[in-house]
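Student: I have a structure open and I'd like to learn how to read it feature by feature. Could you walk me through it?

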Amino acid sequence: MAHCLLIAGLVGALGASGLAPEGDLQLMQTWSSGQPPRSLARDGPRSVRPAVYPPSFPIDLRDEADPRAATTTIVIFSVGEFAVGSGPFAGATVCTRPTADPDPRTKRPWKLLLESDATDAELKVISAEFTNGLQTYPDKGQVPLVFGNMTEDGLRALLNRYPGRVKSVQEDEFVKMVDDPEPNDGQSERRTYPWGIQYVQADAVRGRGVGVSVYVLDTGIRITHNEFGGRAFAGVDLTTPETYPGTLTTCSPTSTTCANDVHGHGSHCAGTVGSSSYGVADGATIWSMKVLNNAGSGWTTWMVMAEQWILASGNRPAVVSSSIQVGPNWNDAPWLASTDALVADGVTVVVAAGNSNQDACTWIR
């Protein structure tokens, strides 16, 4: 079982209850891509430069028919590995997977980030060009995003039909984002609070987080567990069907099947947040946002769609807990824009710093 650093557990106390020292609160802040990494300044620069992929990598998204097209940056990525090239592609930044089917006729999963002035109507037109196309609703305050399946050739043609309207394109991937639970012999019994609980003094002051909604983006939550004391509810479920880009189902809050946790990781993290015995914020309301299937896998688009639902429809004050891992140096402009929008709206967003017993600085982009 991956150990949640955590994230939302510390969130309930740090972000909502003010239990941590000022310096640690600064370390927990989420900074947008345009801000300096002030929380890391004490140890010097932490920027991680992408590794250059071999230039012979077989992908060419240039539009030979229109040499006047705007120049763009093409980023070819894999987990922990990036390549940067350039070519005319209607001004959008395009990221694609090296492991993708090289056949340009194969439909692949894409998520598009549009310019900030895009409207619901514009997104509706663009999303209709995709197979299973979905859109967000910027007129309601959401980030302008489109998701769907399309061939590489089709994507190139679409971007050239809407020059300057699409900022970034990210190819998605169905990824395992949490470890499977470790066997438990049932013999262990905790008799003292973990050091993290003691550090934020949650062992001495219980009942923190009342009135705060914590949205746990994970494998779901078993809301009937007695440790949640009736404070856990079903939020949304994006895991059925598993085909891209998926469907967002808004659950009945008391449903025991919608957004339910079969894997265990989501309930584990939710317990760190707000379980009655050992949770950091044991007075908080916890919402199950099922963005990973019962095997701990999912599309990154599911994370983005859940965030956008919280942005437009979630309660306030709110905390978003995302204790998952995709890979070191994972660049994803649409996902980053989605998270930045939550932070700008006053939502505390906390994520795992790798969750792999590695230098967390290599996971920061």
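Tutor: Let's begin with strand pairing: two strands pair if DSSP finds at least two bridges between them. Helices (H or I, at least four residues) and strands (E, at least two) are DSSP runs, numbered from the N terminus. Before the cases, some ground rules: this is a predicted model, where local features need pLDDT of at least 70, side-chain atom pairs count only at pLDDT 80 or more, and totals for chains, interfaces and linings use all residues. Residues are numbered from 1 along each chain as its sequence is written, and side-chain values use heavy atoms, with hydrogens and water left out.

Student: Okay, how many bridges pair S14 with strand S15, and in which sense?

Tutor: S14 and strand S15 (residues 348-351) are joined by four bridges in the parallel sense. One partner pair to click on is Val320 with Val349 in S15. S9 also runs parallel to S14, with four bridges between them, and here Tyr215 has Val320 as its bridge partner in S14.

Student: Which way do the side chains of S14 point?

Tutor: The general idea first: in a regular strand the side chains alternate between the two faces of the sheet. In S14, Ala318, Val320 and Ser322 point one way, while Val319 and Ser321 point the other way. Five of the five residues of S14 are buried, where buried means under 20% relative accessible area, exposed means over 50%, and partly exposed is in between (1.4 Å probe, protein chains only).

Student: What should I look for in a nonpolar core?

Tutor: In soluble globular proteins, nonpolar side chains tend to be buried together. A nonpolar core here is a set of buried Ala, Val, Leu, Ile, Met, Phe, Trp, Tyr and Cys residues joined through side-chain atoms within 4.5 Å. The largest one has 33 residues, and Tyr215, Leu217, Met289, Val291, Ile310, Val320 and Ile324 touch the most other members. Among the elements that each supply at least two residues are strand S6 (145-150), strand S12 (285-290) and helix H8 (333-344). H7 gives the largest share, eight residues. There's also a second, separate core of 17 residues, including Ala92, Leu112, Ile126 and Val169.

Student: Which residues is Leu217 in contact with?

Tutor: Contact means heavy atoms within 4.5 Å. Setting aside neighbours within four places in sequence, the partners of Leu217 include Met289, Val291, Met303, Ile310, Val320 and Ile324.

Student: Is Trp110 buried or exposed?

Tutor: Trp110 is buried, at a relative accessible area of 1%. You'll find Trp110 in strand S4 (residues 108-114).

Student: What does the side chain of Gln135 reach?

Tutor: We call a pair of N or O atoms within 3.5 Å a polar contact; within protein, one must be able to donate a hydrogen and the other to accept it, and residues adjacent in sequence count only if both atoms are side-chain atoms. A polar atom of the Gln135 side chain lies 3.3 Å from the backbone oxygen of Asp120, and one lies 3.3 Å from the backbone nitrogen of Lys124. Gln135 is buried, with a relative accessible area of 15%.

Student: Now charges: how many salt bridges does a search of the whole structure find?

Tutor: Side chains of opposite charge can pair when their charged atoms come close. The cut-off for a salt bridge is a side-chain nitrogen of Lys or Arg within 4 Å of a carboxyl oxygen of Asp or Glu. The search finds 13. Take Lys111 with Asp172, whose closest N and O atoms are 3.9 Å apart. That pair links distant parts of the chain, 61 residues apart. Lys111 is buried, at 0% relative accessible area, and Asp172 counts as buried at 0% too. Arg97, Arg108, Glu152 and Glu171 are linked in a salt-bridge network.

Student: Which cysteines form a disulfide?

Tutor: A disulfide is a covalent bond between the sulfur atoms of two cysteines; the test here is a pair of cysteine sulfur atoms within 2.5 Å. The structure holds one: Cys251 and Cys258, with sulfur atoms 2.0 Å apart. The link of Cys251 and Cys258 is left-handed, with -65° about the S-S bond. Both Cys251 and Cys258 are buried.
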